[in-house]
Amino acid sequence: MYEQISHSLLNAILDDLRPEIQRQDLRHFYTRLGANFYAIHSLFVTLYGHRDDFNIQLLTLVETMARGYIDRAPDLEAIDIQREYDYNWFLSQKWVGMAIYSNGFAEDLADLKTKIGYFQELGINMVHILPVLMCPAGKSDGGYAISDFRRIDDRVGTIDDLRSIAEEFRKREILLVLDIVLNHTSDEHEWARRAMAGEKLYQDYYHVFDGRDIPDVFEQSMPEVFPESDPGNFTWNEAMGKWVMTVFHDYQWDLNYTNPAVFIEMLDVLLFWANQGVDVLRLDAVAFLWKKLGTTCQNERKAHLILQLMKDCCQVTAPGVLFIAEAIVAPTEVTKYFGEDAIVAKECEIAYNATLMSLLWDSVATRNTRLLSQGLKNLPKKLERATWLNYVRCHDDIGFGFDDSDIEQVGFDPREHRRFLIDYFKGDFDSIPRGLTFMPNDTTGDARICGSLASLVGLETAIESKDTKLIATAISRILLMHAIILSFGGIPLIYNGDAIGVLNDYSFFTDPSKCNDTRWVHRPKIDWAKAELRWKLGTVEHSIFTALKRMISIRKEVPAFADFNNRDILHLENDYLLAFVRFNHVRPSELVLVVANFNDEPRFFDLDWLVPSVFGTHDVLVDLHTGRRPAQSGSRIVLQAYQFYWLTKAEVSPGEIGTFIAAAP
C-alpha cells in the first residue's frame with residue numbers, strides 16, 4: 001500500500017468519525033495520527049485485511065484512539081509532550097522500581113497511599129502494583145483472571161483510590177505500573193458469560209470449537225503451562241456445549257486476536273488505564289497472543305504485530321506511556337519483544353531480564369560464575385531506546401530457562417544441572433535454602449522453584465539456628481544480588497519485602513484457594529511492626545535496608561549506570577567472579593568497574609585482566625558503595641566471600657595520592 005493511498009484513506013476515515021467525537025483542540029492527536037497512520041494501517045491490513053468488515057473495523061479503531069485522546073486529562077497530556085521531547089527519559093539511572101501486592105504491602109489501596117513515604121525513604125520511584133482488577137474469589141490466578149477490565153477489585157479498593165494514588169505519585173515523581181492481562185479473561189467476564197449464553201458475537205472473542213478435532217491437532221505441538229494442576233490446553237464448557245482454549249487455567253479463556261474486535265476492545269482497555277494516570281502498562285503473557293495450528297502458539301510473528309499495532313495506537317493517544325513485555329521466554333526470543341527496529345522499541349520499551357535473574361540464582365547455588373559469565377556473553381543486545389527490567393525475584397516462580405548450549409558449554413548436562421538447581425533450593429544438599437517446587441513435570445523433568453529471597457539464600461535457616469555468621473552470609477548474598485541488578489544496566493526492580501529480609505510465609509497451606517500454588521509462599525503480607533526494625537541498629541532489617549538505601553542513592557548519582565548499551569562484560573581467568581565495566585555514554589572516560597565474588601571463600605581480581613586497561617597505573621581506586629579503597633596487593637584486589645565493589649577513580653590530585661594511600665585500610 002503506497003503511503004499516499006494510506007493517507008487518503010485516513011482523510012476519508014476522519015470525515016466519517018462520529019459527530020460526538022469533537023474537541024476544541026485535537027492538534028496533537030491529528031499530528032500523531034498522521035505520523036503513525038501508515039504503520040497502523042499497514043499492520044491492520046496484515047492482520048485483518050482479508051475480512052469483509054475491514055473498513056468498519058479500521059474506522060472503529062480510529063474512533064477508539066480519538067475517544068481515548070479526548071478523555072485524557074490536561075496534566076497527562078503535558079507529561080506526554082514532555083516525554084516526547086525527552087524521549088530517552090526512561091533510560092536514566094535515576095529509576096528504581098519495586099513490585100508490591102496492594103493488600104500485601106498494605107491493607108488495601110487506600111492504606112497503600114499512607115505508606116508512600118516508605119518508597120521515598122528507600123529511594124523507590126517506580127511502583128508496580130500487582131493485579132488489582134476485578135477477579136473471582138478462589139479462581140483468580142493471583143489476580144490474573146480478570147472478570148472486569150475497568151473495575152478495581154472490591155477487596156482492594158475502588159478506581160477513585162487508584163486515581164488518588166496516581167495523583168500522589170505524580171506529585172512525588174513516582175511512576176505507576178499496572179498489569180493488563182492481554183491473553184485471556186476469567187470465565188466470569190461478561191464476554192465469556194455472553195458466549196456461554198450462546199451469543200455468536202462473543203463466542204468469536206475466544207477460541208471455541210464444537211468438537212475435539214481441531215483442539216487435538218493444537219495439542220500435538222502446544223506445551224502445557226501448568227501440567228500438574230491444569231493439564232492440556234482446552235476445557236469443555238457444558239453451558240456452551242463447546243471446547244474453549246484455556247492455556248493457563250481452566251477458568252482463564254484465551255482471547256482470539258484473529259478477531260479485530262478483540263484487538264480494539266483491548267486497546268480501549270489500555271487507553272482507559274493510561275487515562276487513569278498509569279505511566280507504565282505491564283502487558284501480561286504477550287508471548288501467547290497469537291494461536292496457530294502446528295506451532296507451540298508462543299512467540300508467533302503475529303503476536304509481535306499485535307504488540308506493534310498496540311504501541312503505534314498508544315503513541316497516538318498517550319505517547320508518554322511505556323509498555324513492559326511480560327515475556328519469560330528463551331534469551332534469543334526475548335529481545336524480539338522490543339521490536340525489530342534498529343534503534344527504537346516498536347513493541348515494548350521494557351522487557352524482563354529473566355535470563356540474568358536465573359543466571360544469578362545459578363551462581364548462588366554453584367558458588368561460581370561459569371554459567372553466569374557464559375550466559376551473559378550470549379545475552380542478545382537490546383535496542384538503543386529500550387531497556388531491561390532487572391530483578392532478583394518477582395511474584396512468580398524462578399525458572400531456569402537459560403540456553404541448553406550455554407549449560408553444555410560450561411561442562412554440564414542441561415537436564416541434570418536443572419535438576420541439581422531444583423534439589424539445591426529445596427534444601428536436599430544442605431538445610432540452608434528453604435525453597436518449594438512449583439509445577440514439576442514428570443515427563444520432561446522440568447520444575448521451578450518458589451521462596452522468598454531471604455529464605456532461598458539461607459536467612460530463614462540462619463535465624464532459626466541463631467548462627468550469626470550464617471546470618472551475615474545470607475545478608476551478603478542479598479546485597480550482592482541487588483548490587484548486580486542496580487549496576488547492570490536497565491531498571492532494577494526490588495520485590496516486596498526483600499529490602500527488609502522478609503522470610504517465607506507458610507500460612508498459604510491453610511487457605512483452600514491458595515494451598516495448591518506454592519508461589520504464595522513468597523507473597524506474604526508485610527508485618528509493619530517488624531518493618532520498623534529497619535530503623536533499629538543491629539537488626540537484620542536495618543542491615544539490609546540501610547545498605548540497599550545507600551546503593552540506590554549512589555546509583556542515581558552515577559551517569560555510568562544509565563542504560564545506553566554502555567556496558568562491557570569482562571572475560572576473567574577466575575570462575576568465581578563476575579566483572580563488567582560501565583561507562584558514561586556522554587563522557588566515556590568516566591568509568592565504574594563492577595566486581596562481584598559469588599564464592600564462599602575470598603577471591604582476588606587482577607587489574608591486569610583489564611585489556612585494554614581502563615585504569616592507569618597511578619589511578620587511586622575507591623569503592624562507591626563504602627567510600628573506601630579496596631583491599632589491594634599490587635595489581636590484585638581482594639574480595640571477601642559474597643563481596644562486591646563498584647570501583648571508580650578517586651578524584652584526588654597527584655600530591656594527595658600519598659596521603660590517600662596512607663589512610664587506606
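Which residues line the second largest cavity? Select R393, S452, L453, Y495, N496, G497, D498, V502, H522 and P524, and the lining of the second largest cavity is on screen.

Before going on, note that this is a predicted model, in which local features need pLDDT of at least 70, side-chain atom pairs count only at pLDDT 80 or more, and totals for chains, interfaces and linings use all residues. Residues are numbered from 1 along each chain as its sequence is written, and side-chain values use heavy atoms, with hydrogens and water left out.

**Stop 1: the cavities**

Rolling a probe the size of a water molecule over the atoms shows where empty space is left. Here a cavity is a set of points, on a 1 Å grid over the protein atoms alone, where a 1.4 Å probe fits but cannot get out; a pocket is an open set with protein on both sides within 12 Å along at least five of seven lines; lining residues have an atom within 4 Å of a point. Grid points are joined across faces, edges and corners, and a volume is the space filled by probe spheres set on the points.

The structure has two cavities of 30 Å³ or more. The second largest cavity, still selected, holds about 40 Å³ of space. Its lining has four nonpolar, four polar and two charged residues. In these classes, Ala, Val, Leu, Ile, Met, Phe, Trp, Tyr, Cys and Pro are nonpolar, Asp, Glu, Lys and Arg are charged, and the others, Gly among them, are polar.

Now select R72, L76, I79, D80, R83, R170, A274, G277, V278, D279, G320 and V321, which line the largest cavity. About 60 Å³ of space is inside the largest cavity. Five of its lining residues are nonpolar, two polar and five charged. Helix α4 (residues 74–85) gives the most to this lining, with four residues. Helices are DSSP runs (H or I, at least four residues), as strands are (E, at least two), numbered from the N terminus.

**Stop 2: the second largest pocket**

Select S140, G142, S513, K514 and W520: of the 43 residues that line the second largest pocket, these are the closest to its centre. The pocket holds about 940 Å³ of space. Helix α5 (residues 102–105) supplies the largest share of the lining, three residues. By class, the lining has 17 nonpolar, 12 polar and 14 charged residues.

**Stop 3**

Two packed helices are described by the angle between their axes and the distance between the axes. Axes are lines fitted to C-alpha atoms, for helices over the stretch in contact, and angles run from 0 to 180 degrees between N-to-C directions.

Select residues 54–70 (α3) and 301–317 (α13), which pack at an angle of about 40° with their axes 8 Å apart. That makes α3 oblique to α13; angles under 35 degrees count as roughly parallel, over 145 as roughly antiparallel, 65 to 115 as roughly perpendicular and the rest as oblique. L61, M65, G68 and Y69 of α3 touch C313, V316 and T317 of α13, where contact means heavy atoms within 4.5 Å. These residues divide into five nonpolar, two polar and no charged.

**Stop 4: helices α2 and α13**

The contact includes F29, R32 and L33 of α2 and R301, K302 and L305 of α13. In all, this contact has 13 nonpolar, five polar and four charged residues.

**Stop 5: helices α15 and α16**

Which residues of α15 and α16 meet? Select L356, L359, L360, D362 and S363 in α15, then L371, L372, G375 and L376 in α16. This contact has six nonpolar, two polar and one charged residues.
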